[in-house]
Amino acid sequence: MMEHEIMNQITGFVFPNEIHVHWTVMIVMYPYITGLVAGAFIVSSLYHLFGKESLKPIARFALVSSLVFLVFAPMPLLLHLGIPERAFNIMITPSGTSAMAGFGIVYLTYMIIVVIEVWFSLRADIVKRALESKGVKRFFYRALALFDLSLDDRTNALDHKVVKFFAALGIPVACFLHGYVGFLFGSIKANPWWSTPLMFIIFLLSAIVSGIAVLIFLFFVISWVRRVTVDRDVIKTLAGFLWGFMIIDVTLEIMEVLSVAYEQTEAWQTIEILIRDKLFVTYVVIQLLLCSLVPFLFLGVNSVLRLRAKMSNFLVFSSSVLLLIQVLAMRWNVVIGGQLMSKSFRGYTSYTPGIWEKEGLILAFVIFTVPFLLLRMVDGIVPLFPPDSALGRWTLEHRT
Amino acid sequence: MSPENNSDVGGKGPRNGIFSQAYSRRLFFILAVLVVAGLSVRWALVPKSFGEKGHYRALAPLEEMARKPLLQGKKVCAKCHADEFTRHEKDIHVHVQCEDCHGDGSAHVKAREAGLDPEQAPMFRELQQANCLACHRRLAARPKLFPTIDVKEHFRKVRVKDPATRCQECHNPHEPLALDQRVSKARIHPLIHPCKDCHHEKDIAKKPLPEGHVVTFTCKDCHADIVADFSKKPHAQFDCRTCHLFHKDSEFSGRIFKNGNPKFCLMCHLDRPFKDGDRIPLLESFDAHLDDVAEDDGDRAKRCVDCHLDEMIHSVKGGIGGMVSTPEESE
């Protein structure tokens, strides 16, 4: 952007290094995708670890979703960097006092845990496919099964045991992975819009909300595309969890701002204008009114009243879409919002993402979409829904 | 499988431990290979001097120190461009290095030193508005005594019609104010703070000082007669400091100029296609003007202010309490 164009976007007193918003829409996408990772993993653990049987049809799908989102989580970060190959330096020579290097370690640990857990949970089906197929396909599945096609009660018991162990190990690591993202913002003490120890709890809870919401969304869409009746048990359980987590999440989000407002510190004078003016649409209208209040009412009605399946499906599906937008808006308001106000507390800049540029909207959309395509691909290789579920039966009937 | 390999994860007994199946052993073997491979790659990639003195490559600062700077410094430029250098040295841009505007001169100087035509590595010359405005655009964050402009307002004031006019059409960057004496030779003057340095309200200077407000001085407090006279003359819309440029030296004082260089007046009054001749008297050139009006050699040696000061700027002269400038200072 030309200098004179930048000058038109600032008001008041802004330090020279604050005019340009450096953390762009890519840094909005990064915690968003990481949140989906953590949320989806926690849903899968509700079945694998805590034995929530009604979630069985979606547990493995949730686990693999977590993995595919995890693969793409650092993508926006790498796109944001000018010299991305340098990012690997924090993996090779991590500094003990660097929060960013901490991410590398947590990310790698989590990746190993999820890969092991996914492989053990898919192994039985990989072996079945290996036994059924011929030629190159058979070799491919045998290789996937590490050339050991044994499948009996003992192997099943072992697989379950390993999955359960890594689910238990994965939960704290998943919480760390996402809590850390909130920690990165929460620990920036110069920025009053970010600097609060509540930040990582809010990030974690919103991650769980977005993870459950994306699974509900996908479950509905897949069921509709495959013309399968939506499994009400799964939806009912997920909707209940979604309602509960979104209440805690949104309450914390509001309480955090209220506490700053009540303290009436000097920072509030800036934050107030930020909320009232710069972030009015994305924060007040989208994040709080449209995408928190509406789903709260929808999910509340769905949980409290006995509704017909169609009505309930509508409420839950629309809530999941709205909450996906809510969490995206929350990431936007945190990441972009914090950079719009000057540390002088006396001025503001503004930010409009580009469309085609390296950190533009098209690439952000592509990065967000590719995990879904990858998920579809994995489902083609190994069925992600168990054969005793409606979607699993569809897979069995429609296999080429 | 040996019993020692059994893990009791899940506690289901030795016969169903985590390593009881070949596939499980293979998976963890692959993971172990990957970990070893990762560590080997790390060992190969980490530079030898890393960590010797801290969490960085110890050789890095030495390598940086060994690099030759690209910027040459203005003394190197002066060797060939003595004329520009002399003008630049006496004017207000004296602290701005040549390469701040023209870019690094390493290739240019190298070509010259090799006996080649230095134009094979030409320097950046096509300064646009934005290049000057990088320093001189009016921003709330910039010091009040640093000359900054709002382009629209500036062009309106000096009657420039074309908004794309480049700054150097009037201001030669080598002597932007056409000063006729060096900054360091100009007269020392205490720092004054006009009301608008702190307040943004319109006509704030005309309002009475609130009770308890620190006493402020403006030009009229010491030079009342001159200011009263000036306010009746055609140049009254300008600030005293537009012509009597004030250069801040410290928190208490600075230098004030009495600039009689005709080039300074011609910044506004020289006829150029982008200027609005209906609203400001324009000259074809200073020499042509002298041809028209000069009667003898004495007239030809005169500057603009020698004839037009009384009529157009201010006829009252002298400093505080009748203190009149010395002839040296008025030069």
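Helix axes are lines fitted to C-alpha atoms over the stretch in contact, and the angles between them run from 0 to 180 degrees between N-to-C directions. Helices (H or I, at least four residues) and strands (E, at least two) are DSSP runs, numbered from the N terminus. This is a predicted model, in which local features need pLDDT of at least 70 and side-chain atom pairs count only at pLDDT 80 or more, whereas totals for chains, interfaces and linings use all residues. Residues are numbered from 1 along each chain as its sequence is written, while chains are lettered from A and ligands numbered from 1 in the order in which they are written.

In chain A, helix 10 (residues 232–263) and helix 11 (residues 266–278) pack with their axes 8 Å apart, at an angle of about 125°. That angle makes helix 10 of chain A oblique to helix 11 of chain A, given that angles under 35 degrees count as roughly parallel, over 145 as roughly antiparallel, 65 to 115 as roughly perpendicular and the rest as oblique. Where the two helices meet, A:Val260, A:Ala261 and A:Glu263 of helix 10 are in contact with A:Ala267, A:Trp268 and A:Ile271 of helix 11, contact being defined by C-beta atoms, placed from the backbone, that lie within 7 Å. The residues of this helix contact divide into 5 nonpolar, no polar and 1 charged; here Ala, Val, Leu, Ile, Met, Phe, Trp, Tyr, Cys and Pro count as nonpolar, Asp, Glu, Lys and Arg as charged, and the others, Gly among them, as polar.

Chain A as a whole has 15 helices and 2 strands. Its C-alpha atoms fill a box of roughly 70 × 55 × 35 Å, taken along the principal axes. Among contacts in chain A between residues at least 6 apart in sequence, 76% join residues at least 24 apart.

Chain A also touches chain B, through a contact that takes 25 residues from chain A and 23 residues from chain B. On the chain B side, helix 1 (22–45) and helix 7 (129–136) each supply at least two residues, and the largest share, 8 residues, comes from helix 1 of chain B. This side of chain B divides into 13 nonpolar, 6 polar and 4 charged residues.

Finally, B:Lys233 lies in the loop between helix 10 (224–230) and helix 11 (240–243) of chain B. Not counting residues up to four places away in sequence, B:Lys233 touches B:Met312, B:Ile313 and B:His314.
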